[in-house]
Amino acid sequence: MSGVTAKEAQEAREAREARERAGGRSGPAPARPPAPSRDPRYVREHREWLAAGLFLAPDVLGLLVFVAVPMALSVGLSFFRVSGFGAYEWIGLGNYRRMLDDPLFWDSMRITGLYVVVLVPVLFCVSLGLGLLVKQRLPGVGAYRTALFLPYVISLVVVGVLWKFLLDEQTGAVNRAVRAAGFDGASWLGLPSLALGCVIAVMVWVMMGYYMIIFLAGLQEIPQEYYEAARIDGAGPWTTFRRITWPLLRPTSFFVLLMSTVAALTGGLDLIFVLTNGGPANGTSLAIFYIYQQAFGYGEYGYASAMGSFLVLIMVAVSAVIFRFTQGGRFDDGA
């Protein structure tokens, strides 16, 4: 008998019915593709970016809330005349035209320029010299570092009161020491030619400890093997500094130069307010102090915002010039 048997026909019919009940699929169900395996390097890099974002988030949020947003609001306010309490009048570029015609503002900008040109180089050199000094293995060097850094953590208001007492023409300790040495005392804060120099000297005294620590950190990053090789070759201290220390200290020097310039342009208000109040004869009225006077002394918030926006623009331009001429602190010469 050549045909299929009844048993085989029954089994085939049962198998066909089973396939129909299963949805008419013929053959085994296709297997799912295996899940792609994740590269460990990709996972590690992702975690590093996540950790960096979490660490940066508080600082970025603070900059946005306390710096970027107030700056944007200040620029917007500069196009209004603010009178009374909450009365705003749109005047467009009126505040900026007033600024261009204000001789007192340009006098304050001139004084600010002189202040920056003198303060920044002196502060840079003094801080670098102190950094080189406290890097040496001297007895009690830790105490010296602490004493030099201590003025930076004192409030500028306290510093202003202290130095105003020390520089007093009649009872100040400075004039007493000068007279004890056989010289005539001077009106340190009463003469325009001396007052600004006193402000600069006090600011150097306050800030030199901070930048000394920055320079010290940069100096400690220079490998000692370079200095040992220089001593073996017979190089003196000046040659060692010029050929090894100064080139390898360029990134730190760039940071100090940039930050001290920005601080000189935008800081010192507390000290000026307490020490000289902008006097005598507006001889220490920096731009930041004049802006403060217009805003909180005369209620000219729109005009003060216009001058503040202009000062920020000057600060950005000066920072760009520093970036350009220092090559951003890179080790190469930009060739």
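Two notes on conventions. Residues are numbered from 1 along each chain as its sequence is written, and side-chain values use heavy atoms, with hydrogens and water left out. Because the model is predicted, local features need pLDDT of at least 70 and side-chain atom pairs count only at pLDDT 80 or more, while totals for chains, interfaces and linings use all residues.

I begin with the whole chain. The protein chain has 14 helices and two strands; these are DSSP runs, H or I of at least four residues for helices and E of at least two for strands, numbered from the N terminus. Of its 335 residues, 32% are buried. Buried means under 20% relative accessible area, exposed means over 50%, and partly exposed is in between, with a 1.4 Å probe and protein chains only. The protein chain exposes about 21300 Å², and carbon and sulfur atoms supply 66% of that. Accessible areas come from the Shrake-Rupley method with a 1.4 Å probe, and for residues only the protein chains shown count as cover. As for contacts (heavy atoms within 4.5 Å), take those between residues at least 6 apart in sequence: 66% of them join residues at least 24 apart.

Now helix 13. Which residues of helix 13 are buried? They are Ala 287, Ile 288, Phe 289, Tyr 290, Ile 291, Gln 294 and Ala 295. These buried residues pack against helix 3, helix 4, helix 11 (250-266), helix 12 (269-275) and helix 14.

After helix 13 comes Gly 299, with a positive phi near 70°. Gly 299 sits in the loop between helix 13 and helix 14, and it is partly exposed, at 25% relative accessible area. Setting aside neighbours within four places in sequence, Gly 299 is in contact with Val 82 and Gln 294. Gly 299 and Val 82 are 217 residues apart in sequence, yet their C-alpha atoms are 7.8 Å apart in space.

Side chains of opposite charge can pair when their charged atoms come close. How many salt bridges does the structure hold? There are two, where a salt bridge is a side-chain nitrogen of Lys or Arg within 4 Å of a carboxyl oxygen of Asp or Glu. One is between Arg 98 and Glu 300, at 3.3 Å from N to O. That pair links distant parts of the chain: Arg 98 is in helix 3 (residues 94-100), Glu 300 is in the loop between helix 13 (287-297) and helix 14, and 202 residues separate them. Arg 98 is partly exposed at 37%, and Glu 300 is partly exposed at 25%. Glu 89 and Arg 81 also form a salt bridge, with the closest N and O atoms 3.1 Å apart. Both ends count as partly exposed: Glu 89 is at 42% relative accessibility and Arg 81 is at 41%.

The criterion is NZ of Lys or CZ of Arg within 6 Å of the ring centre and within 35 degrees of the ring normal. The charged end of Lys 135 likewise sits over the ring of Tyr 227, 5.5 Å from its centre.

Next, rings with rings. The structure holds 21 aromatic pairs. Rings of Phe, Tyr and Trp (its six-membered ring) pair if their centres lie within 6.5 Å; planes under 30 degrees apart count as stacked, over 60 as edge-to-face and the rest as tilted. One of the pairs is Trp 106 with Phe 310, which is edge-to-face at 5.7 Å centre to centre and 80° between the planes. It links distant parts of the chain, with Trp 106 in helix 4 (residues 103-134) and Phe 310 in helix 14 (residues 301-326), 204 residues apart. Trp 106 counts as partly exposed, at 33% relative accessibility. The pair of Phe 241 and Trp 246 is tilted, because the ring centres are 6.3 Å apart and the planes are at 40°. Phe 241 counts as buried at 19%, whereas Trp 246 is partly exposed at 35%. Phe 79, Phe 80, Tyr 88, Trp 90 and Tyr 96 form one aromatic cluster.

That is the end of the talk.
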